[in-house]
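Student: I've got a model open and I'd like to learn how to read its sheet. Where do we start?

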Amino acid sequence: MKSRPAVVVLAAGRGSRFRGLHHKLVQTLGASTVLATTISNALATQMPVLVVTTEPLAETVGRHVATRDMVVLPPAGSPAAQALGMGYSIAAGVAARSDASGWLLLPADMPMVQTSTLRQVAAELDSHAIAYAQHRGLRGHPVGFSAELYSELVMLTGDEGARRLLARYPAMGVEVDDPGVLLDVDTEDDLARVRVAQREMQVREAR
């Protein structure tokens, strides 16, 4: 059976711009949390899902995915994580799903990215090395990479993430009717906007 792309949920950041009492990923969002909503949307694709996280969030992540579907890194900012960063998180997630036909990188603080969007970007990896979601011409997430870029993805380090790959290879923009591809939670104001967007979406779906 042909392998499928995997969704790599990136939940290993410190979230230092968020000034709330608790980590931004465990903030409430409707009846759930930011992190749980993002993971739920990924799981609904029925593609393999892997969550890259840190020790403080591992127990929370473990409520939603099996241990085999997690990679636990040292906490951001700790001595053991000094040289890691976003690039290493991506590398660790891709390496843990080395048998996938590609990888969709989904930041855990983007709970409004729709399941249909993830599927649309994944479909483009059959014919493009890199594909990303865009809304009204603006580039967003997820960003997908095909299996041909495996050797470069697993060598990523530092905080730059996969930007140099995006600069080096042609990428396919997938236009989606999903403003959630542009909405992340970095600050309390961002969280308020996401909560409003979620309520508006629920009203539309109820009509």
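Tutor: With one cut-off: a residue counts as buried when its relative accessible area is under 20%. Keep in mind that this is a predicted model.

Student: OK, so which residues of β4 are buried on each side?

Tutor: On one side you have V49, V51 and T53, and on the other L50, V52 and T54, so both faces of β4 are covered. With six of its six residues buried, β4 is largely enclosed by the rest of the structure.

Student: How do strands of a sheet pair?

Tutor: In general, through backbone hydrogen bonds, either parallel or antiparallel. Here β4 runs parallel to β1, joined by five bridges, and V8 has L50 as its bridge partner in β4. To get from β4 to β5 the chain passes through helix α2 (residues 55–61), a right-handed β-α-β crossover.

Student: What is the strand order in the open sheet?

Tutor: Seven strands line up as β5-β4-β1-β6-β8-β7-β9, with mixed pairing. β5 (70–73) and β9 (171–175) are at the edges with a single partner strand each, so one side of each has no neighbour in the sheet. On average, neighbouring strands are turned by 25 degrees against each other, direction ignored.

Student: In which sense do β6 and β8 pair?

Tutor: Antiparallel, over four bridges; W103 has F145 in β8 as its bridge partner.

Student: And which strands does helix α1 touch?

Tutor: Helix α1 (residues 34–43) packs on the sheet against β1, β4 and β6, and its direction makes about 175 degrees with that of β1.

Notes. Residues numbered from 1 in each chain as written. Predicted model: local features only at pLDDT ≥ 70, side-chain atom pairs only at ≥ 80, totals over all residues. Heavy atoms only, no water. Pairing = 2+ DSSP bridges. Helix = DSSP H or I, 4+ residues; strand = E, 2+ residues; numbered from the N terminus. Axes fitted to C-alpha atoms, helices over the stretch in contact; angles between N-to-C directions. Contact = heavy atoms within 4.5 Å. Buried < 20%, exposed > 50% of the residue type's maximum accessible area, 1.4 Å probe, protein only. Right-handed = clockwise from strand over helix to strand, strands pointing away.
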